[in-house]
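Trainee: I've just loaded this one and would like to go through it with you before I do anything else. Can we start with the ligand?

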Amino acid sequence: MAPDRGKRKLPPKVAAMKARKRQRLEENGSTPRPPTQKRQEDDAGRTVKLDTLQWKPVQMPDRMDDYEGFFGLEEIDDVEIVRDANDGTTSYRTLPREDGVAKPLKEDENVPFRRTEDQTSNGDDDHVEDWSGFSDGDETTASTQTTEANPTRTRTSSQTSSNEGSSRQSQQKLTSLPFQNLEKVKDDGVNTSAWHHLHLSAETLSSLSQLKFSKPTPIQSASIPEICAGHDLIGKASTGSGKTLAFAIPIMERFLDSRETNRQAPIALILAPTRELAHQLTSHITALGSNGYSVDPNIATVTGGLSVQKQQRLLEKADIVIGTPGRLWEVMSDSHGLIDKFKKIAFLVVDEADRLLSQGHFKEVEEILNALDRKDDNSPSNTPAKTQLQPRQTLVFSATFQKGLQQKLTGKSKPSGDLMNGKESMEYLLQKLNFRSAKPKFIDVNPISQMASGLREALLECAGQEKDLYLYALLLLHQPHQPHQRAHSPSQPTPSPPRTLLFANSIAAVRRLTPFLQNLQLPALALHSHMPQKARLRSLERFSATTNTTSSSGTILVATDVAARGLDIPGVQLIIHYHLPRTADAYVHRSGRTARAEREGASVLMCAPEEVAGVRRLLARVHAGGGDGGKRAGKYQMRTLDLDRRVVARLKPRVGLAKRLADAVIAKEKRSAEEEFFKEAAEELGVEYDSEEMEKEGKGKRGRGSGRKKVEREARSMTKGEAQALRAELKGLLAQRVNVGISERYLTSGRLDVDQLLQGRKNGEFLGPVEGLGFDGM
Ligand SMILES: Nc1ncnc2c1ncn2[C@@H]1O[C@H](COP(=O)(O)OP(=O)(O)OP(=O)(O)O)[C@@H](O)[C@H]1O
């Protein structure tokens, strides 16, 4: 008998192993023994009859409350269902217990051919990180749930729960992300008279004063009165323009009003597309709530990581709930009474709404919205859900609402009509959300462009095989602009070191580029959604640390689009799009990680010559906003960043060595992950794993990907000695100066040397003319 695993498609290599095994057995005239038979013989479990078991009644979860004719459910623990592999009959077996606790099935017993995390992303250069990977319902690595900017004053849900071990630790780490302005300020704060026309409470004003926000931003000025007056609202404003406080301040005002009432439900439910953004929202709202208020709100952050049961407990006392849709829906749907509580919230906030509501991305958002809108049994049965008055206000924010921005940026596909204008965006959202008023307020403070005003943009044209070389040149060019070169008084807060965010389209590319840059002595860190949650937090924390002016800390973050939306990291001055963003909205949001809060920054799009025309066309449309049917689109011309090709060419030897070393490490890691996988698969099948035989088989294959495989094989075969020799050679090259030609200046490897080299330089003297991007101003 074998446990029921259903049919799965075997990976080709495993299928080949299986076929070889069958062939050998047929040749020997023996019959294969089902692979799980041995395990069953060894198993101490006992076959039992169903009706002899101690069934326990199950309390029905909220999501079942609409199921008519469903009377109840009972459950039983510690029983495995097994199916006879030959005749398909089913029986039940008790699981052996250790210390009175049932021994769970090993993970791989349930999913024999599931690939491990590393295998998934190492194995495939085309592996693309899409938004389904950002929703974290299925991620179970260590995580966080609530953050505190001020642990002594802020009540957070996590404090109600004990014994949270490492999760608590990572939560505290996350809290230290320096959202600079929002750190608790101990001095007297700033004058807030510019806020007075918004009629906010003294406590909110005091908090704003301490946070040193002397005046509201335009989106805050426009939205806060409408929200406080009870309207639903759709708010559009460029990246980094303060949308978080535009909805957080009214929520805090309502929190103050409701303090005396016996409120049974959270005030607000805030949805965000990524874990990082959910935690950042928590951090911003916590900082607001813990600076000027006599009682702080209880904030629960619900993202993947902690057990669902723990998060359900945390939610019981929450005033404000912030979460990613996957985990939030899991927690809501498996709980008792939580959905009913959430139906009473005063605010539903959908941050980055265009992404959260876009087709096919977050099905859990729809589940949550449907659950919130579901009719109560005692509501008039003939009232359709759409027309019922919702007790809550719905607030929707993003920098981009145009559906057209989600079209591909490659220029290969024809733009599908005009970008949506404000009216159409509103209609789209009206279809998706159950607003309580027929016409929510639509506030668009940047109708023409969604790009921040302090952003400078440029194209860097280079062929695909030279991308790494040009990337290195660009990073060297950017490195020297250290803030310590600027006058800085000791009474001012420490300025952030310059940071660069490098975006790539696939996890595999992030994995390759990070060691490549590190080999070139550039301080690079990785961030993608297949990293364990702790490593994700560590990368962000190191990248964001306020005083990382030494070369050992990261000032370059190599990331997938998991970092594209909403992240507010001080000091990000340069965005590099190593790959073309797939969609125009991704371009807007990636570029929006710099030039925030009226600061300046630059964005460089690396682009192959054949892609340039298409990209220019579409970016012109992005800049034209689309509200005029694209008539202004021709006006915007993105500048080109010219690097002196002769000088760039001199960097080739270093780049070549750094690449070979990075490829070798990646290929070896991939190999060991593959070996592990195939060994497990072979064990499962009861066959012998012969790595040499598999290697031979791989060599014989021709066709798509065989060139890459050859390179991988070569990289894998690099010996330790060869790697050491290459490292030594690279070290030597990095220590040498590179003649940069006409300027008679010399370029060396590390940041310090480059700093010295470039002191007093003028634009255009280093690596060719770069007039226009104004790197000096950064
Ligand atoms: N009134 C204000 N005065 C000065 N700074 C502010 C003010 N309001 C917010 N900020 C700061 O501006 C920065 C950007 O704010 P926020 O993250 O809310 O931008 P956003 O509009 O949500 O951006 P994105 O579209 O990228 O999500 C934050 O560092 C925040 O602390």
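Trainee: Which helix gives the most to the shell around the ligand?
Mentor: That is helix H8 (residues 243–257), which contributes three residues to the shell; helices here are DSSP runs of H or I with at least four residues, strands are runs of E with at least two, and both are numbered from the N terminus. Please keep in mind that this is a predicted model, in which local features need pLDDT of at least 70 and side-chain atom pairs count only at pLDDT 80 or more, while totals for chains, interfaces and linings use all residues. Residue numbers start from 1 along each chain as its sequence is written.

Trainee: And how many residues surround the ligand, and which are the closest?
Mentor: The ligand is surrounded by 21 residues, with Thr239, Gly242, Lys243, Thr244 and Ala597 the closest; a residue is taken as near when its C-beta atom, placed from the backbone, lies within 6 Å of the molecule. By type, the shell divides into eight nonpolar, 10 polar and three charged residues, where Ala, Val, Leu, Ile, Met, Phe, Trp, Tyr, Cys and Pro count as nonpolar, Asp, Glu, Lys and Arg as charged, and the others, Gly among them, as polar.

Trainee: What about the backbone of Ala597?
Mentor: Ala597 has a positive phi of about 50 degrees even though it is not a glycine, and it sits in the loop between helix H19 (584–591) and strand E21 (601–607). Ala597 counts as partly exposed because it has 15 C-beta neighbours inside 10 Å; the scale calls a residue buried at 20 or more other C-beta atoms within 10 Å of its own, exposed at 12 or fewer, and partly exposed in between, with C-beta atoms placed from the backbone.

Trainee: Where does His199 lie, and is it buried or exposed?
Mentor: His199 is in the loop between helix H5 (165–175) and helix H6 (202–210), and it counts as exposed because it has 10 C-beta neighbours inside 10 Å. Its phi is also positive, near 55 degrees, in a residue other than glycine.

Trainee: Switching to sheets, what is the strand order of the one with E9 in it?
Mentor: This is an open sheet of seven strands in the order E11-E12-E10-E13-E14-E9-E15, with parallel pairing, where two strands pair if DSSP finds at least two bridges between them. Strand E11 (299–302) and strand E15 (441–444) stand at the edges with a single partner strand each, so one side of each has no neighbour in the sheet.

Trainee: How does H8 lie on that sheet?
Mentor: H8 lies across E9, strand E10 (268–271), strand E12 (320–323), strand E13 (347–351) and E14, at about 165 degrees to E14; contact means C-beta atoms, placed from the backbone, within 7 Å, and angles run from 0 to 180 degrees between N-to-C directions, with axes fitted to C-alpha atoms, for helices over the stretch in contact. Helix H7 (residues 218–228) lies across E9, E14 and E15 and runs at about 175 degrees to E9.

Trainee: What order do the strands take in the sheet with E17?
Mentor: Its seven strands follow the order E18-E19-E17-E20-E21-E16-E22, forming an open sheet with parallel pairing, and its edge strands, E18 (524–527) and E22 (639–640), each pair on one side only. Helix H17 (residues 507–519) packs on this sheet, touching E17, E18 and E19, and its direction makes about 170 degrees with that of E18.

Trainee: Which way do the E17 residues point?
Mentor: Arg499, Leu501 and Phe503 point one way and Thr500 and Leu502 the other way, and all are buried. In general, side chains in a regular strand alternate between the two faces of the sheet. Four bridges join E17 (residues 499–503) to E19 (residues 556–559) in parallel, with Leu502 opposite Val558 and Thr500 opposite Ile556. Five bridges join E17 to E20, also running parallel, where Arg499 has Val572 as its bridge partner.

How values were computed
Contact = placed C-beta atoms within 7 Å.
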